[in-house]
Amino acid sequence: RHIPHLLAMVGERLTKFDIGWVQYREDTNALLQATFHIVVERFPHLRHFYIGSPCATATWPNDETIKSLSSLARNLSSLSSFRSTEVPITQGALYRLARSKTLTSLSVCLPSYATWAQVHVSLQGERPFENLTSLDLVTTTEAYIAFSAAMKLPQVQTLSLCLSDPSHPNDFATFFTAIRHQFSPAALRNIQILHTQSVDSLTWAWQSQIPPVIHSAYLVPLLGFKHLRSFDLRLRSRYALDIHFYHNMAKSWPDIEELFVAYERGCWHDVVPTIQFLVTFAVHSPKLRHLGLCFDASMWSHPPELLAGYEHGMGAGARDELFGELANKPSTSQLDTLTVGYSNILQPSYVAAFLSRVFPSLSSVETYPSDHFAQYAWSAEWSSVNELLPLFQRSQEDGQRRLSQDTHKRAKKVAPSDSGQSPASTPSAAEQD
């Protein structure tokens, strides 16, 4: 409530204004309207304006507050970044921001009522958001599909979509295709797709009764973004992703550094791949540092010979089956953290041994970051994996060191003499006479 008085004492050279999280009170709308008016009047050269938290929605803003904020967005001509997802702006204000030559970062709640077919008339032929590189939208699935058809944004490098509705299964194929058409594979580097906090997590019982929603085929258009560095998909939905899609993902995104796929509570999987599929990311994602997904690590229900002494004495067929492309070569993966969500597990020691072989730089295995996981069936087992990793990694390093030393010794024994002849073929003094 003191913000309007505080702003009256601030110099006119203010360049950044950040309210942060807004706690609703009876006078919140009136105070914000007064605040927006002062900002426009006193700080015409403001460059950064932030209100609320990213990927958040609210129901308390009234029409006057929305109009007041929209007026601010239309009148501040030097904005470089603008964020307001809890207080929506009008379609007209969004058009005004689209014509800005200085705006590089935008985070807004997309108007669901907008008639985007008129966008070309409103922008008078200008390219929308000419210098925008980061876009964060809180939107419904239907509203985004309409918006993407009206505006092509080939210059955007970072995209975050927070869906405020539990989307219908029939919308997802169109939704992911719309992302591919709106943005350029040459520019887009980071994608994040979530649900807002207002979408309650779907219960396990309810999810188990609905048909699969997000299929592998729906996500295939996103594989066209060949230069992705980060991908984060955590829609609270039901998934039907096959192992071939994960293989294609690893091969399609060679520059990926952070990859998170549906590992949180509220993400239900019809089928999860077994732990061996992680080899694909170790081989084909050389820059990957952080990985989060669900898989089945319960394959070792009894102490197997498969990992006894790591791979010593293991048959070629068993080694190939377990380690695939890494069966006969060391891993060069740089993965640092692995988030396993609700992945199941039975034998922590064998899982730790496998992970240390596939990801030699792995420093941490993380579970779902929530108090809910404390009661989860496999939380203790994954904690054990985290404790065992350093031991197996040291053992791997010692084994590789011994192998290198043995190889060096054998090479010295068979090395030829300086004359190019072996000792056995060197002629004696008598023979020389």
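The legends below describe close-up views of a predicted model.

**View 1. Helix H2 and its buried residues.** Helix H2 covers residues 28-42. With 15 residues, H2 reaches 21 Å from its first C-alpha to its last, close to the 21 Å expected at 1.5 Å a residue. Buried positions in H2 are Thr-28, Asn-29, Leu-32, Thr-35, Phe-36, Ile-38 and Val-39. These buried residues pack against helix H1 (3-7), strand E1 (16-18), strand E2 (48-51) and H3.

**View 2. The crossing of H2 and H3.** The axes of H2 (residues 28-42) and H3 (residues 63-75) come within 9 Å of each other and cross at roughly 15 degrees. Angles under 35 degrees count as roughly parallel, and H2 is therefore roughly parallel to H3. The crossing of H2 past H3 is left-handed. On the H2 side, the contact is made by Asn-29, Leu-32, Gln-33, Phe-36, Val-39 and Val-40. On the H3 side, Glu-64, Thr-65, Ser-68, Leu-69, Leu-72 and Asn-75 take part. Six residues of this contact between H2 and H3 are nonpolar, five are polar and one is charged. Among the H2 residues in the contact, Asn-29, Leu-32, Phe-36 and Val-39 are also buried.

**View 3. The crossing of H3 and H4.** Helix H4 spans residues 91-98, and its axis comes within 8 Å of the axis of H3, with a crossing angle of roughly 20 degrees. H3 and H4 are therefore roughly parallel to each other. Their crossing is left-handed. Ser-70, Ala-73 and Arg-74 of H3 meet Gly-92, Ala-93, Arg-96 and Leu-97 of H4. The residues of this contact between H3 and H4 comprise three nonpolar, two polar and two charged.

**View 4. Phe-129, a residue with positive phi.** Phe-129 lies in the loop between helix H5 (119-122) and strand E5 (134-139). Its phi is positive, about 50 degrees, although Phe-129 is not a glycine. The relative accessible area of Phe-129 is 2%. Buried means under 20% relative accessible area, so Phe-129 is buried.

**View 5. Ala-262, with positive phi in a loop.** Ala-262 sits in the loop between strand E11 (258-261) and strand E12 (268-269). The phi of Ala-262 is near 45 degrees, a positive value in a residue other than glycine. Ala-262 is buried, with a relative accessible area of 0%.

Technical notes. Residues are numbered from 1 along each chain as its sequence is written. This is a predicted model: local features need pLDDT of at least 70, side-chain atom pairs count only at pLDDT 80 or more; totals for chains, interfaces and linings use all residues. Side-chain values use heavy atoms; hydrogens and water are left out. Axes are lines fitted to C-alpha atoms, for helices over the stretch in contact, and angles run from 0 to 180 degrees between N-to-C directions. Helices (H or I, at least four residues) and strands (E, at least two) are DSSP runs, numbered from the N terminus. Angles under 35 degrees count as roughly parallel, over 145 as roughly antiparallel, 65 to 115 as roughly perpendicular and the rest as oblique. A crossing is left-handed if the near helix is turned anticlockwise from the far one by less than a right angle, and right-handed if clockwise. Contact means heavy atoms within 4.5 Å. Ala, Val, Leu, Ile, Met, Phe, Trp, Tyr, Cys and Pro count as nonpolar, Asp, Glu, Lys and Arg as charged, and the others, Gly among them, as polar. The expected span of a helix is 1.5 Å times one less than its number of residues. Buried means under 20% relative accessible area, exposed over 50%, partly exposed in between (1.4 Å probe, protein chains only).
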